[in-house]
Amino acid sequence: MKTKVEICIDSCDGIDACIKGGVDRIELCSSLQFGGLTPSKEVLAFASQCKIPSRAMIRPKKGGFFYTSDDLKQMLSDIDMVRSFGIEGVVFGATKPNGILDIEFLEELVAHSFGLNKTLHRAVDTLNKTVESVDVGIQLGFDTILSSGGEDNALKGKSVLSEMKKKALGRIQIMPGCGVTGANAKQIIDYCHFDWIHSSCSIHKNADRYTDVESIKNLKNAIS
């Protein structure tokens, strides 16, 4: 099965680059410089008009993934907003200060995300043992885990990502992400085949960050 490409963006221009690059799915965000926050209504509206499936980040603030009851209210509201635009899925995660997933918090978010596809994001890479997120993600009802294998980038974490995939036994998608480019994606996939791979395919110009169409095409060519 050919590996599919998900690209994270934080602007309407980024969505346009994904359309031109022919990506398989878009992760909708704002503020990718902070690892991605909940997207704007403008981005959601634009994504709702394009034919590429998309999932929206549900993350109300930068920093870690430990949230308050007020954050929960905001995230539940953001899930409603995403649903109102007809977006196919959501992306979220939550941890406790002691380095484990916050199961009760996630259960509330998952329950509120009825009818939507769900990705457990790279909060799992902050855990004491990233591999343990596989069983938790399955039990909670996620269909995908986005991870770098607990390392600075997915290439470094490829052995852990492979272990996660073996543990998943096809019950949940393990999607490598962080630092994935056309130059290293094949190394990751050759080590262990993954059905999905995640990247920003971004370049920087004059201190600004852009989703780059050529980088998307290079990534797709590298894994074709």
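Started with Arg 122: it is partly exposed at a relative accessible area of 28% (my bands: buried under 20% relative accessible area, exposed over 50%, partly exposed in between, 1.4 Å probe, protein chains only). This is a predicted model, so I take local features only at pLDDT of at least 70 and side-chain atom pairs only at pLDDT 80 or more, while totals for chains, interfaces and linings use all residues. Residues are numbered from 1 along each chain as its sequence is written, and side-chain values use heavy atoms, with hydrogens and water left out.

**Salt bridges**

I looked up the partner of Arg 122 and found Asp 125, with a salt bridge at 2.7 Å, N to O (a side-chain nitrogen of Lys or Arg within 4 Å of a carboxyl oxygen of Asp or Glu). Asp 125 is buried, at 11%. Elsewhere, salt bridges with shared partners join Arg 55, Glu 88 and Asp 143 into one network. My count by this rule is 12 salt bridges.

Next I checked Arg 209 and Asp 10, which meet at 3.4 Å, N to O. Arg 209 sits in strand 10 (residues 208–211) and Asp 10 in the loop between strand 1 and helix 1, so the pair ties together parts 199 residues apart in sequence (helices, H or I of at least four residues, and strands, E of at least two, are DSSP runs numbered from the N terminus). Arg 209 is partly exposed at 21%, and Asp 10 is partly exposed at 23%.

I traced eight strands in an open, parallel sheet, ordered 7-6-5-4-3-2-1-8 (two strands pair if DSSP finds at least two bridges between them). Strand 7 (173–176) and strand 8 (196–199) are the edges; each has a single partner strand, so one side of each lacks a neighbour in the sheet. Strand 1 (residues 4–9) pairs with strand 8 in the parallel sense over four bridges. Within that pairing, Glu 6 has His 198 of strand 8 as its bridge partner.

**Arg 59**

Where does Arg 59 lie? I found Arg 59 in the loop between strand 3 (54–57) and helix 3 (69–84). Arg 59 is buried, with a relative accessible area of 4%. Leaving aside neighbours within four places in sequence, its contacts include Phe 34, Leu 37, Thr 38 and Tyr 67 (contact: heavy atoms within 4.5 Å). Thr 38 is 21 residues from Arg 59 in sequence, yet the C-alpha to C-alpha distance is 5.1 Å. I also noted the backbone oxygen of Gly 63 at 2.6 Å from a polar atom of the Arg 59 side chain.

Technical notes: Polar contact = N/O pair within 3.5 Å; in protein donor to acceptor, adjacent residues only side chain to side chain.
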